[in-house]
Amino acid sequence: MTWFSEDELRALAGNAVFQRGRGMVGKVEDLGGLVDGVTAVVVGSEPYRVGLKQRQGTVEARCTCPFAADGAFCKHAVAVGLAWLRGVKPVGDQGLVRKYLDELDKEELVELVANEAARDASLLRRLSLRAMAKQTGTLSGRVDALAQEQVFLEDARDVLDLLEEDLNANRDLIRRAVEVMAEVAPDIDDESGAAAAHLLRAIALYARACVPDAPEQLPEWIAGFEKKLPGWLEIRPFAEALGEDGLRHLVELAGDDRKFREQAVEALGDVDELVSLLAEDPRVDHVRIAKALYDAGRVDEAIERAEHSMTELPATRCGELAEFLVGVHLEADRPAQASAVLERFLWRSPTKQAYDQLKELCERIGTWPEPRKRVLRVLRASARERQADQLIDVLLAEDEATQAWDAAAEFGCSQSAWLRVADRVAEDRPAEVAGVYRLLAADCVKQASRDGYRQAVVLLKKLRRVHELLESDEEFDDYVDGLRRDNERKPAFLDELRKAGL
């Protein structure tokens with residue numbers, strides 16, 4: 001049974017989640033095949049139950065982890081899918097087992113299941129849930145009891161498990177559970193995030209329960225829930241239940257709520273309408289527009305849009321666009337274009353971070369250090385117009401401390417950059433560094449604060465070390481004596497000197 005492929009798992013989860021899931025294949029346990037799916041346990045920060053089912057030609061995943069609570073395809077689901085594809089098949093023959101069970105009489109079957117449940121805690125729990133699910137009145141009462149915070153925290157998971165046993169029959173009760181939990185969850189002080197995860201899971205269950213028989217007022221219910229708890233409900237999981245007409249009605253109901261309207265249009269799958277809507281926003285999300293086009297298979301248009309935006313926007317808003325373009329080019333095996341994007345971004349934003357990103361990529365694809373001279377020229381040109389901090393940090397990171405000192409002297413830099421470069425060249429240029437430490441220490445004393453005095457003392461200790469290298473200890477002592485006289489009305493500074501043995 002292989003109704004899915006590795007590429008489909010990657011598409012459903014996204015590349016980042018897929019890669020994390022790939023690293024968890026070895027943690028898959030109790031892998032078992034069903035008629036229409038796969039079940040397993042993945043041992044992450046805690047054991048998570050995972051189920052994969054064939055649904056309308058694709059893979060539907062369920063997992064008990066918080067990430068999957070809102071219907072997301074999580075890393076645990078990826079791990080189970082990959083384990084199955086790689087042939088980690090369960091021991092046993094389901095057909096043979098069914099034939100054996102058919103031959104047992106009722107008493108023998110009950111005894112067998114009871115004995116197995118006594119040895120298997122997971123089976124005992126599942127059977128207990130099925131038994132409780134038969135007691136509709138009891139289940140309804142447990143849903144209402146979730147309005148109490150302590151009951152919510154202790155019982156929400158079990159109640160949701162019970163409801164999940166028969167989604168279609170429990171559809172209206174699941175909706176009530178969502179409404180009850182929505183009154184409680186946002187106000188619970190829960191650092192673990194369990195309360196939020198339970199509510200998100202309940203919403204995801206309701207989305208599944210609405211297929212194929214969705215309530216007539218589902219669009220109105222979704223819109224009302226969004227007004228009550230903005231941002232908690234994702235529309236996409238409800239898309240199948242709503243259908244095109246329901247989604248378009250939801251767009252109308254969204255009114256002036258731009259974010260909710262964007263969600264509805266995105267779930268509708270109308271890329272042109274989504275792009276148009278996003279472009280109306282005063283602060284256009286250019287990255288989201290490019291990604292929407294890319295996800296719709298309009299790759300060239302996405303690249304063109306992103307590249308045009310990078311030329312029009314200020315550099316501070318181009319980082320994510322550059323990251324998007326790099327990812328697209330690398331996915332298409334175009335490393336040269338990817339490095340060209342980062343180099344153009346560095347021209348716009350000549351920072352150490354941009355330099356490091358370009359260097360890391362070029363080293364990975366084997367083209368470093370060919371671009372190094374070009375981008376260092378860009379950083380030097382930027383230093384002439386501003387300050388040399390970014391250039392200095394790049395040179396220091398590459399153990400070019402002398403060049404960093406020369407850049408600081410030629411172009412100027414912030415006090416913190418002067419300190420970083422002075423510390424690195426103190427052994428080789430003690431006389432010049434002594435002047436820097438003195439200026440910085442004097443500025444710290446002028447702050448007239450305890451923190452400033454402490455920073456001054458740190459600098460004075462560095463200065464003392466430099467004078468030791470110069471064999472001019474007396475000159476240092478004279479300098480500190482002068483500082484003490486000039487600041488005799490600053491007892492806090494004198495106190496810090498005394499505590500430091502100066």
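Buried means under 20% relative accessible area, exposed means over 50%, and partly exposed lies in between (1.4 Å probe, protein chains only).

**Ground rules.** I am working with a predicted model, where local features need pLDDT of at least 70, side-chain atom pairs count only at pLDDT 80 or more, and totals for chains, interfaces and linings use all residues. Residues are numbered from 1 along each chain as its sequence is written, and side-chain values use heavy atoms, with hydrogens and water left out.

**Entry: helix α13.** I took helices from DSSP runs (H or I, at least four residues; strands are E, at least two), numbered from the N terminus. Helix α13 spans residues 258–268, and its buried residues are Phe260, Glu262, Gln263, Ala264, Val265, Ala267 and Leu268. I then looked up their cover, counting contact as heavy atoms within 4.5 Å. The cover includes α11 (218–228), α12 (239–254), α14 (271–280) and α15 (286–295). Glycine 269 follows α13, and its phi is positive, near 85°.

**Entry: salt bridges.** My criterion was a side-chain nitrogen of Lys or Arg within 4 Å of a carboxyl oxygen of Asp or Glu. The whole structure gave me 44 salt bridges. One of them joins glutamate 266 to arginine 236 at 3.8 Å, N to O. It links distant parts of the chain, with glutamate 266 in α13 and arginine 236 in the loop between α11 and α12, 30 residues apart. Glutamate 266 counts as partly exposed because its relative accessibility is 29%, and arginine 236 is exposed, at 52%.

Within α12, I found glutamate 244 and arginine 248 four residues apart, about one turn of the helix. Their side chains meet in a salt bridge of 3.4 Å, N to O.

With 57% relative accessibility, arginine 498 counts as exposed, while aspartate 495 is at 21% and so counts as partly exposed. Shared partners join Arg450, Asp451, Arg454, Asp495, Glu496, Arg498 and Lys499 into one salt-bridge network.

**Entry: rings.** I paired rings of Phe, Tyr and Trp (its six-membered ring) with centres within 6.5 Å, calling planes under 30 degrees apart stacked, over 60 edge-to-face and the rest tilted. That gave me seven aromatic pairs. Tyrosine 453 and phenylalanine 493 form a tilted one, 5.4 Å centre to centre with 50° between the planes. This pair links α25 (residues 450–470) to α27 (residues 491–499), its partners being 40 residues apart. Phenylalanine 493 counts as buried because its relative accessibility is 0%. I also noted a cluster of Tyr206, Trp221, Phe225 and Phe238, linked by ring pairs.
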